[in-house]
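Trainee: I would like to go through the labels used for this model and ask what stands behind them.
Mentor: Then let us take them in turn and set each value against its cut-off.

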Amino acid sequence: MFIEPEGWDTVEVYINGFSTSLPEEVQHEALRKVPGFENARFFRPGYAVEYDYFPPTQLKHNLETKLVPRLFFAGQINGTTGYEEAACQGLMAGMNAHLSVRGEAPFLLDRSQAYMGVLIDDLITKGTEEPYRMFTSRAEFRLTLRQDNADRRLTEFGRSYGLIDDAQWKRYSDKMNAVTEADAWLSAQSVEPDAANAYLDEMGTAPLKQRGPLDQLVARPQLSLSGILEHIGQEVPSFSEEVWEQVEIGRKYSGYIEKELEQVEKLKRLENLKIPAAFSFEKITALSMESRQKLAKIRPETLGQASRISGVSPADVQILMVHLGR
Ligand SMILES: Cc1cc2nc3c(=O)[nH]c(=O)nc-3n(C[C@H](O)[C@H](O)[C@H](O)COP(=O)(O)OP(=O)(O)OC[C@H]3O[C@@H](n4cnc5c(N)ncnc54)[C@H](O)[C@@H]3O)c2cc1C
């Protein structure tokens, strides 16, 4: 429990970690059992807010309801809780309502492109039994979904929908050009043992035996790009810290990132296999009964979405693939 003072001039504290909606008397008794709180008095008891929601498995990927065309749902009505959860759905539902009215293709993000994509896919594929919060642990591609590369993942979409103004776009484009330049510069550098070995020794990593590429040093866990650049006595082009950060992350974790990208590609292949809206899951007797019932209820829009429904096995996915003519 964290005891958080409510202000300078009050004895009131917020008991973070004691959230409960049990009856007031029970709350009093429970708190007074905590050492140090034997004489605690309540200003206000804890409480719960109940609300109703529509099972979000009734939504399409663009947050449009399957039953009522052009009715879009976002936020708490879909069983989520939280400001950001509501805000991102509002953005996606709003954009898609607009696109739908104009007869344009929907704007969808998949699980490898944004946490918004994970949230919406979880909701429409798995539904939710209790208020849904967007935890990072819900995402499988966490090397790709990083805070530092949110601009690289999403700015171009924003620009294409008119949400990124010229000044912002220029800032982003300049940064990306600089990252490319800085990365190319790094690739072209090599370093002499004499220039690097004292520093490598100090950092507890093996010395160089001969002149070698600078970028290979970046991959060593003991070394940081800024540390290396500071100590090798070479002239370094001046790029901002955030530019070097992108270069460093790209180099340091390239092996892991590549492996994850392979997984992403696999996901995309399944995601690209669309299931027609009128597809009759009930008739495919080769599918398990559970699988047939769940597929018929949720009506996934892609094979990727179908594969994430609990109870739908990899064998079921193979069967669906055959029936979809693949
Ligand atoms: C006490 C409390 C504390 C919270 N603290 C946090 C927190 O610290 N951090 C956090 O992330 N989240 C918090 N939440 C959760 C968060 O506030 C909600 O999940 C989020 O605001 C939901 O946004 P929403 O747009 O989906 O719904 P709402 O914000 O509820 O918006 C729905 C809107 O629809 C309007 N409306 C309803 N019926 C009609 C109608 N028939 N016609 C027209 N309009 C209608 C309502 O007036 C309301 O303005 C808290 C919630 C509560 C209740």
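Mentor: A residue is buried if 20 or more other C-beta atoms lie within 10 Å of its own, exposed if 12 or fewer, and partly exposed in between. Keep in mind that this is a predicted model.

Trainee: Why is L63 called buried?
Mentor: L63 has 26 other C-beta atoms within 10 Å, and the cut-off is 20 or more. L63 is therefore buried. L63 is found in the loop between α1 (24-32) and α2.

Trainee: Is R70 buried or exposed?
Mentor: R70 has 9 other C-beta atoms within 10 Å, and the limit for exposed is 12 or fewer. So R70 is exposed. The place of R70 is in the loop between α1 and α2.

Trainee: What makes K60 partly exposed?
Mentor: The count for K60 is 18 other C-beta atoms within 10 Å. K60 is found in the loop between α1 and α2. Its contacts, leaving aside neighbours within four places in sequence, are K66 and E301.

Trainee: Why are α2 and α3 called roughly perpendicular?
Mentor: The axes of helix α2 (residues 83-101) and helix α3 (residues 115-126) come within 10 Å and cross at roughly 90°. Angles of 65 to 115 degrees count as roughly perpendicular, and that makes α2 roughly perpendicular to α3.

Trainee: Which residues make the contact?
Mentor: From α2 there are E85, C88 and M92, and from α3 there are M116, L119 and I120. By class, the contact has five nonpolar, no polar and one charged residues. Leaving aside neighbours within four places in sequence, L119 is in contact with E85, C88 and M134.

Trainee: Which members of the largest nonpolar core touch the most other members?
Mentor: Of its 19 residues, these are L63, M116, L119 and I120. The elements giving two or more residues to this core are α2 and α3, and the largest share, seven residues, comes from α3. Apart from this core lies another, of 15 residues, including V179, L217, V218 and V247.

Trainee: Which residues are around the ligand?
Mentor: They are V49, G75, Q76, T81, G82, Y83 and A86.

Trainee: How do the residues of that shell divide by class?
Mentor: The shell has three nonpolar, four polar and no charged residues. Note that Gly counts among the polar residues here.

Technical notes: Residues are numbered from 1 along each chain as its sequence is written. This is a predicted model: local features need pLDDT of at least 70, side-chain atom pairs count only at pLDDT 80 or more; totals for chains, interfaces and linings use all residues. A residue is near a molecule or strand if its C-beta atom, placed from the backbone, lies within 6 Å of it. Axes are lines fitted to C-alpha atoms, for helices over the stretch in contact, and angles run from 0 to 180 degrees between N-to-C directions. Helices (H or I, at least four residues) and strands (E, at least two) are DSSP runs, numbered from the N terminus. Angles under 35 degrees count as roughly parallel, over 145 as roughly antiparallel, 65 to 115 as roughly perpendicular and the rest as oblique. Two residues are in contact if their C-beta atoms, placed from the backbone, lie within 7 Å. A nonpolar core is a set of buried Ala, Val, Leu, Ile, Met, Phe, Trp, Tyr and Cys residues joined through C-beta atoms within 7 Å.
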